[in-house]
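Let's take a walk through this structure together. Please have the viewer open and follow along from the overall build to the contacts.

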Amino acid sequence: MPELKVKGVTIVETFAEAFPMVGTRVIITAPTLEWAMISARTMTGFATSVIACGAEGGIERTLSRKETPDGRPGVAVLLFTMNTDKLQTQLRNRVGQCVLTSPGSACFAGLEGEKKLKLGASLRFFGDGWQMSKVLGGRRYWRIPVMGGEFVCEDTTGLTKQAVGGGNLLVLGKSHEAVLAACTRAVKAMAEIPDVITPFPGGIVRSGSKVGSQYKGQIASTNDAYAPSLKGAVKSDLALNIEAVLEIVIDGLSADAISEAMHAGIHAIAKGGSREGVTHITAGNYGGNLGPHHFHLKEIVG
Amino acid sequence: MSALTFELKHTPDQRLDLSPLVPAKLAGLNRKEIEALAINTTREALTVGDAFKVKGKDAENIRFEGTDERCDKIGAGLAGGVILVDGDTGTLLGTKMKSGKIGVTGSAGMLTGASMSGGEISVNRDVGDQAAGVAFGETMGMKGGFISIGGDAGALLGERLRRGLIVVGGKAGDYAGARMIAGTLLLKQGAGRYAGYGNRRGSLIFLEKPKDILPTFSDSGVMEFDYLRILEKWLREQGLRIRFGARARRLMGDMAVLGKGEMLILV
């Protein structure tokens, strides 16, 4: 069977293996978009991987004044964990420490879920008895007096158990510069897709991991098969001319959203063609036995 | 399907209790059965057919035409559906209603929306005393929902209000928000004396500075309230365009009781 190529870039016939997660969305507003972004970035700052951050999170998109409940500029944030209890804890801590504290901010539900997560319902206690609740159109908002005025926070937000984490693309190339440029382009293209985030720094992971390690207690370690400096020593998956591999990890509120993001990503990566220096696009999996979601690159590219 | 319409035949010479004429009680009845329903009155026994000309079929969508201030309890206990009244209504319009919508083109009498727990009432002109107040046998006033009054409201608006929002386009009478537990009154043209008397946690929002403020309301100064932005936007979505911005003076009270309520006076 001939190799599948897009603009000379080989699309390896494999699949990304992804896992079910629970996810939620909140909307953060502020007097300016800049301050809404500061608040959202702080809330999702240390949220690249559930391995050690407790949650995976990121900024989904910015919202215009028309799209927010208070008519101020806003940012939609997605947050994912492996179960509902952890998501509740992470949401409370992150909104409590990063949004409540942020000047002029307010926080609202961003998802109509079958189940609810507490938002203002737990943060209201910061008001020490001076908090006030207001119900408008069936939605409850808490007004919590703070030094900067009043922090308004919706009572609850929805959650979805249909979320998927760990959709991914691995990009191989003949120079670090080429791979980074292609991946940066891809992250930008994926940012346009609703319901997904790329939680790693700038959307890109440079240190993909394998499960386990030779050291006791280390649950993940470097993916040696894709480390270009180890080509001569380990059973490498890389050709000799590959200088760098970068990965884009995608979390989404649904499997379809991840497919769509991967589609946009692949085409953005291949846009520069093989001439740019990108040689392969592949994906990470564990043989297919661990994660129920398989995103086959061949199907996604079409 | 056309709206089930009740057209008043002639001016009633006694008060009419129209509480049976709600969707839940009319569903599945044909016109003859509806016309045979009894109406509670004060003197002579009466059926629906005696007082009204009945037209249309859709019991989820009821219209009253030509009603006056003796037509009481329209939409009482409403639990879904729409009632439109082309005319005035008597007392207890939409009392104890749970959901659905009532619209009145004219004025409504006393105890409009008393102890209602949900849904929406809009009255284009005035309402009588004790709107959103305490229905007979109840301990609390309105417990949820939305009332919009185009004209003036009588005394004791929102008495013992527990939850919900009331917007008054005109003036409210004395004791607006008296003894209110929580909830919100938005008064476009102020209120009479003793507004917020005994207010525990409720909000009285004044678009204009009221002439008379109880001494038991304590000034917290002017600041921005994001809640007012949410309220303004939500009202606009309901078709009420009221511009009031986010800056307001906050007075807390009534300090004679719990003191966690507020007056927000827009600046």
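This is a predicted model: local features need pLDDT of at least 70, side-chain atom pairs count only at pLDDT 80 or more; totals for chains, interfaces and linings use all residues.

Start with chain A as a whole. Its secondary structure comes to six helices and 18 strands. Along the principal axes, the C-alpha atoms of chain A fill a box of roughly 65 × 45 × 30 Å. How does the radius of gyration of chain A stand against that of a compact globule? For 302 residues, such a globule would have a radius of gyration near 19 Å, and the 21 Å of chain A agrees with this. Burial can be read off too: 46% of the 302 residues of chain A count as buried.

Next, look at how chain A is divided. Domain 1 of chain A is made of two stretches, 4-17 and 163-301, while domain 2 of chain A covers 21-160. Between the C-alpha centres of these two domains the distance is 30 Å. Where they touch, domain 1 of chain A contributes eleven residues and domain 2 of chain A contributes 14 residues. Which element gives the largest share of the domain 1 side? That is strand 11 (residues 156-173) of chain A, with three residues. Sorted by class, the domain 1 side of this contact holds eight nonpolar residues, two polar and one charged.

Now zoom in on a pair of helices in chain A. Helix 4 (residues 176-191) and helix 5 (residues 255-270) of chain A pack with their axes 8 Å apart, at an angle of about 145 degrees. The crossing of helix 4 of chain A past helix 5 of chain A is right-handed. To find the contact in your viewer, select A:Ala182, A:Cys183, A:Arg185, A:Ala186, A:Ala189 and A:Met190 on helix 4 of chain A; they meet A:Ala261, A:Ala264, A:Gly265, A:Ala268 and A:Ile269 on helix 5 of chain A. By class, this helix contact has nine nonpolar residues, one polar and one charged.

Time to turn to chain B. Its domain 1 runs over 1-63 and its domain 2 over 73-266. The C-alpha centres of these two domains of chain B lie 30 Å apart. In the contact between them, eleven residues of domain 1 of chain B meet 14 residues of domain 2 of chain B. On the domain 1 side, helix 1 (23-26) and strand 6 (58-67) of chain B each supply at least two residues. Strand 6 of chain B gives the most, with four residues. The classes on this domain 1 side of chain B are five nonpolar, two polar and four charged residues.

Finally, bring the two chains together. How many residues of chain B are in contact with chain A? There are 14, and they touch 15 residues of chain A. On the chain B side, the elements that give two or more residues are strand 12 (163-168), strand 15 (218-224) and helix 4 (226-237) of chain B. Helix 4 of chain B has the largest share, seven residues. By class, the chain B side has seven nonpolar, one polar and six charged residues.

Note on methods:
Residues are numbered from 1 along each chain as its sequence is written. Chains are lettered from A and ligands numbered from 1 in the order in which they are written. Axes are lines fitted to C-alpha atoms, for helices over the stretch in contact, and angles run from 0 to 180 degrees between N-to-C directions. A crossing is left-handed if the near helix is turned anticlockwise from the far one by less than a right angle, and right-handed if clockwise. Two residues are in contact if their C-beta atoms, placed from the backbone, lie within 7 Å. Ala, Val, Leu, Ile, Met, Phe, Trp, Tyr, Cys and Pro count as nonpolar, Asp, Glu, Lys and Arg as charged, and the others, Gly among them, as polar. Domain bounds come from an automatic or database domain assignment. The radius of gyration is taken over C-alpha atoms; the globule rule is 2.2 Å times the number of residues to the power 0.38. A residue is buried if 20 or more other C-beta atoms lie within 10 Å of its own, exposed if 12 or fewer, and partly exposed in between; C-beta atoms are placed from the backbone.
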